[in-house]
Amino acid sequence: MNFKFKFDRHFYILLIFLRSIGFWVAWVLFRPNMPLTTALIYRERGQDIEYLPNMAGLGTHGLRDAFDCIFQGTNLISFPPGSIWLHSLFYKLAGVPGFIIADFCIALSVFFLLSAILKEFRVKEFIANSLSLFVVIGVSGKLTGISKNFHLMIGHENLVEFLAYLVFIFCAIDYFFRKKLHRYAVLISGAALLFLISNETWEYFAWRFPRPFVTEVYFLLFALITLRMMKLENIFSSKLNWAILGISTSLLLESEIYRFFLCGLLLIVFAFTKLNKKTKIKELLLSFFSFLIPFSVLSLPFAIQRMSENPDVPRRFGAFAISRLNPMLKLISTHDLYTLTLICVLLIYGFSLLRKKITIEQERAFQLRREFALFYLYLFSFFSLPLFMIFTGKLIQPEHFNAQLKHVVTLITIIGVGVLLSYVGEKKKEHLSSYRFCIAIALIAFVDIVKDAHKAYSFTDHTRSDFEAYNHFPNYLEHFSNLLKKIQTNEFPSTLSLATFDMQVSEWWNTVKHGNSFVSDVFINTISDNELENRIITLTHLLGFKPDEFIEFINEPMMKLFFISSLKYRFSNGYTYSNQEDYPTSDQSGFRVNGEFNSFNVLMPNSERNRLRDKFTNFSTLTNEKLPDLIILQTHPLLSQHAANSDFYEVIYSDEVFRVWKKK
């Protein structure tokens, strides 16, 4: 029996290892002539490669921004380091192979933590391991995203949603009035309804670096320790558990403010509900400091960053002040009637558990506490958006709160599926062969591993081809690789400053070359808005832009989001940079149609266009010592007709996609 257990666990670990290296091995096999550093950019389709420079810089320069060519090392980065420190450490030690090792460590940690959480709900071990493997490999995303395929095949969204709603109502009524169905059927049918009405592919655990890939470890660690503390008669007797909670919550603060806020609310409620007359003041204080000391020490970088960062940076990240008076209206506008119905059912479910807990044996009482914890998790996830607005008076990229709600619902669904599978197995007294089960799991897992490896062969376009400016390149990957072979040589040291409007080239230059940037992605930029605008104006003057061309160019979605403003000029019902009359008449209807929490709809008001036009027109004469050393331009309708000023630069490389100039 012990041999089987070890074999099963090792078998799962092997599959996770294959998932971790599958893409990289395929890249080496299918693209042997391309640098492995290119694969780092293409590691996960749709990932935000803007995180990579901060990851590389953390290992060499700490919290300092070492990539800006003028203010090198004098500013602090604003992005919290908690989600990138492990990859940064291994990348520093071993380069790209170190990044692969960190991937494997993170995936393995999620596997063990999620499996342990499932076992807390009395899920059988091989079922817990199997579900955890499916989540880590990526199968969960294919299953929960199947609703999109339903919509495409049937072509009647309302019909699918209506049927799902009927199933949910039937399960709820049957459980609460006839007691025929298991209570987890209510949770599963409700979660399925949410997935179907979302009409989009959703994945509980994605390999997108660094979030939610890394941050999931901290969240699951918090959840596991909290669940285990529920077994204790006195939760203030274990100082180690409180220390671990302090570590996990501080790492969440350093990584993802949304789930940190959720876990903070849960922890406060958890602690206060366990206080009673028997609680000793000494134990309470020791627990408090066991939590506070590691939390404070590990959160120190976050505090330093917030106190030292340029005040323009949070606005570019999408942070803005909001009224504390109408959060419930915003809550209702975010979630629909189906979700509100599910909340009502869960409330009834939760109170029924409270009543049952009084009359049953102790072990079952512990189990019901953990089940009721799911209700609290869902409830606080649902209300975290308005509570965040009430407590802080601010909001930052609120669509992440909706993603958090889906995340929690998916976790509850996974737990519910595990409990049901274990429940059915016990009732029918069926015992599956662990070896046969492993074979079935392996076949399913290998399909996803092969699909992941296939990315190395099939990806040939720009990683951000979702932007029109980047989606029309002929075989971009080949030209990108050829460019890297040119600029990664010693002829182009990292001390040279690079100016480019291709964010993929910019991220590679900062991440792999550790090179300096004259203009760079605003996500990693620590300079002021004024300095950022001056750099763009300088570069476009070098390229011979006219005022009208300049205004047209900076209003490109690619330019606004990556190089000049990011979310500063957000345009929605919830927030706009200027008043409605300051926008073109053709765009004013957007106030009515854009959702309150659409952070990525960016529109520059007329006053800002006029200000930047005047700034461009009044630009002073170019001086050689303040110009970038390298200029790399990609093919673009507004760039192809321009070239760098021949008084300062000479062409050193050109192909179908790129042109490169070097300062004389």
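Visitor: Which way do the residues of strand 3 point, and are they buried or exposed?

Guide: In this predicted model, Ser 497 and Ala 499 point one way from strand 3 (residues 497–500), while Leu 498 and Thr 500 point the other way, and all are buried. The word buried is used because the relative accessible area of such a residue is under 20%.

Visitor: What makes strand 3 and strand 4 a pair, and in which sense do they run?

Guide: Two strands pair if there are at least two bridges between them; strand 3 and strand 4 (residues 516–517) have two bridges, in the parallel sense, so they are called a pair. Within this pairing, Ser 497 stands opposite Asn 516 in strand 4.

Visitor: How many bridges join strand 3 and strand 5?

Guide: Strand 3 pairs with strand 5 (residues 630–634) over three bridges, again in the parallel sense, and Leu 498 stands opposite Leu 630 in strand 5.

Visitor: Why is the contact between Arg 464 and Glu 50 called a salt bridge?

Guide: The distance from N to O between these side chains is 3.9 Å, and the cut-off is within 4 Å, so the contact between Arg 464 and Glu 50 counts as a salt bridge. Arg 464 lies in the loop between helix 20 (434–458) and helix 21 (476–487), and Glu 50 in the loop between helix 2 (36–41) and helix 3 (51–61), so the pair ties together parts that are 414 residues apart in sequence. Both Arg 464 and Glu 50 are buried.

Visitor: How do you know that Arg 259 and Glu 216 form a salt bridge?

Guide: Their side chains meet at 2.6 Å, N to O, and this lies within 4 Å, so the name salt bridge applies. The pair links distant parts of the chain, with Arg 259 in helix 13 (residues 257–273) and Glu 216 in helix 11 (residues 215–229), 43 residues apart. Arg 259 and Glu 216 are both buried.

Visitor: How many salt bridges are found in the whole structure?

Guide: A search of the whole structure finds 23 salt bridges.

Terms used
Residues numbered from 1 in each chain as written. Predicted model: local features only at pLDDT ≥ 70, side-chain atom pairs only at ≥ 80, totals over all residues. Heavy atoms only, no water. Helix = DSSP H or I, 4+ residues; strand = E, 2+ residues; numbered from the N terminus. Buried < 20%, exposed > 50% of the residue type's maximum accessible area, 1.4 Å probe, protein only.
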